[in-house]
Every structure is written in structure tokens, then in C-alpha cells.
Amino acid sequence: MAVVVIGESLNATIPAICEAVKKHDKAWIQQVAKEQVDADADYLDLNAQVTGCDEMIDLPWMVECVREVTNVPLVLDSSNPPAIIKTLESFDWKGQVPIISSITNEGNSPQKLLPVAAKYNTGIVALLMDNDGITHTAKGRFKICQDLVRKSRDAGVPDHNLWIDPLILPIGTDDNVGKISFELLQMMKAEFPNIRTYCGLSNVSFGMPHRALLNRTYVAMLAANGMEGFMINPRVKEMRAMIYAIRALMGEDQQCGKYIAAHRSGVLLTPMSDEMKAKLAENAAKEDERARKKAEREARRAAGKPD
């Protein structure tokens, strides 16, 4: 299954987006949307939940803003079912079926949105947690997955519209976070080959140094173990380069065309740190000095003078 990039940057938990939602700043919302699409996001996650504002107005408004400048599919990221329903009913989606995010296996959470996803034929994200919270074993989470798949099918949602989020926890709190995710992905794909998989990635590196390095490495490892959907910021050059490399190596980039195009446009070049730049400048200065001394020696020899 192809790797799917969900742009994460239109989320009202981000202060600049929160202000844009409050002020209905269409220009800023559209700019961030276009930047993510230009960076090859396959979907855009939209979250308009702002304290003191009316999401019944703000979520459709945000969708309208984004759809004016791009036709990529959207993720409606909301815990407010009426706002989601109003948004779904407000537009002709023209085949670009959105994804609803999200449900859990807690209480009546599945019953709130699974019928909506079935009625409107949308995708829906399911988080693997229940009334006991997040289980810290692959087998425990897989049992929640089995229950959510059963409830999804009972509600009339086809497996290919169900996106399972295994929940990525910080590696700094549990050495087994990575291994649990890999084992869980393999178990889910073996029993439910048509479901989709989805994750918010950055939590894995919370509290750790060099977070970007851990995030990029984990993306590659998750993709190799079957993860399809990654909610990331595709505008981050290093992460974007990693996605191009993953798609090429997984056979999802015909004749490596997009990888080569990204190389030609400079996307694959990793920005240098100040330390690296200083070291290169130092080495260049040494090389210049060696070249100067060599030229002087050759000039003395040509003049018949001793070195």
C-alpha cells in the first residue's frame, strides 16, 4: 500500500492557526494549505477547534478556504460530531472523500461517528485505546483493533475506509515503543489486509535530543513494517526528502522519477548546521593555503631558486 502524507499544519492547537481561525484570516489558512500541497502532501488535516469559538461555523469555513486553492482530500479533525456532519453536508466533495478523525473504543465513541462514516462513505480514524486507556503490549492493542474492526463492519464501514492509529508513544518513556508498533502493524495486516494504518509521528521523540533524527528514522522503519499514513509537516525539508527516498525504495515511484526530480530541485540536499559550515570553511581555507604554498614552490623552482 502506498505511503500517504497527511499535512499536519492546519491545526488550531498551533498558535498561528488558532489566531487565523479566530479572525477568519483566509489568506493565512490558504498560504499554509498551499505550502503543504506544494511539498507533496496527499491529504491536509484540518482542525478548527478553538475555545470560545463556534466550530459549527469555523470548520466549514476552514474547509471552504482550503478547497478554494487545492483539491487534495481532507481530514476533518474534530471531536464534535455535529460540526463534522454539518461540514460533510455543506459541500459537493466531487469524489475527494474526506477522512473523519477520530474514534476510540471508549464508551460510546464508536457509535457517534461510525454511522456518519457509513452514511457519507468517508474514511475514519480509529485510535487503539479503550476505557482502560492505552495498553502497553501489541497483543493488548490488537484486541482493541479487532473490536473496533467488528464495530466498524457492523456499522457498514468497509475495511478500506477504516484507518487504524496504533498510537505512537514517546520512546523516552518505554524502550519497547518501537518494537510494539512494528509487531502490532504486522498483526493487523495479517488479519485485516484491507484496513489502512495511520499515525501522528512526532510523539515518539518527545523529550529526546535530536527529535528530527528520531522522527525521520522512525518513518522509514514504520513504512517498512506496513504503516501507510503519516501525519507530518511535509514542509520540513529533511522529512520530505525521507518520504521521497522511502517511496522510491518501496517501488512506489516509477523509474524513481519523483526522487530524481526532487534531487534536481534541491529538495534532497540536507541543510548544514553552523558547525558543519564552519568546518567546511576551515577545510577550504587549509586547501587554499596548501595551494598557495604549492604555487610559491613551483614559482621558485621555475626561477631556479631553492625551495
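# Salt bridges, loops and overall form

Reader: Which residue does E282 form a salt bridge with?

Author: E282 pairs with K286, and their closest N and O atoms are 3.2 Å apart. A salt bridge here is a side-chain nitrogen of Lys or Arg within 4 Å of a carboxyl oxygen of Asp or Glu. This is a predicted model, so local features need pLDDT of at least 70 and side-chain atom pairs count only at pLDDT 80 or more, while totals for chains, interfaces and linings use all residues. Residues are numbered from 1 along each chain as its sequence is written, and side-chain values use heavy atoms, with hydrogens and water left out.

Reader: Where do E282 and K286 lie?

Author: Both are in helix α11, residues 274–302, four residues apart, or about one turn of the helix. Helices (H or I, at least four residues) and strands (E, at least two) are DSSP runs, numbered from the N terminus.

Reader: How many salt bridges in the whole structure?

Author: The search finds 12. One of them joins K23 to E19, with closest N and O atoms 4.0 Å apart. These two residues are four apart in helix α1, residues 15–23, which puts about one helical turn between them.

Reader: And how accessible are K23 and E19?

Author: K23 is exposed, at 63% relative accessibility. E19 is partly exposed, at 34%.

Reader: What about D147, which residue does its side chain meet?

Author: D147 meets K151 in a salt bridge, 3.6 Å from N to O. Both sit in helix α6, residues 138–154, four residues apart, again about one turn of the helix. D147 is partly exposed at 23%, whereas K151 is buried at 18%.

Reader: Which residues are in the network around there?

Author: D147, R150, K151 and D154 are linked by salt bridges into a network.

Reader: Changing topic. How many helices and strands does the chain have?

Author: The chain has 11 helices and eight strands.

Reader: What are the dimensions of the C-alpha trace?

Author: It spans about 95 × 45 × 40 Å along its principal axes.

Reader: What share of the residues is buried?

Author: Of the 307 residues in the chain, 45% are buried. The accessible surface is about 15700 Å², and carbon and sulfur atoms account for 53% of that. Such areas come from the Shrake-Rupley method with a 1.4 Å probe; for residues, only the protein chains shown count as cover.

Reader: How far apart are the mean positions of the charges?

Author: They are 7 Å apart, for 37 positive and 40 negative charges. Lys and Arg count as positive and Asp and Glu as negative, with His and the chain ends not counted. The place of a charge is NZ of Lys, CZ of Arg, CG of Asp or CD of Glu.

Reader: Now the loops. Where is N80?

Author: N80 lies in the loop between β3 (74–77) and α4 (81–89), and N80 is partly exposed at 23% relative accessibility. Leaving aside neighbours within four places in sequence, N80 contacts Q49 and E55; contact means heavy atoms within 4.5 Å.

Reader: Which residues have a cis peptide bond between them?

Author: S101 and S102, with omega about 10 degrees. S102 belongs to strand β4, residues 99–105.

Reader: What is the phi of N121?

Author: Near 55 degrees, a positive value in a residue other than glycine. N121 is in the loop between α5 (109–120) and β5 (123–130), and N121 is partly exposed at 43%.

Reader: And the phi of C256?

Author: Phi of C256 is near 55 degrees, a positive value in a non-glycine residue. The loop holding C256 runs between α9 (237–249) and α10 (257–264), and C256 is partly exposed at 31%.

Technical notes. Buried < 20%, exposed > 50% of the residue type's maximum accessible area, 1.4 Å probe, protein only.
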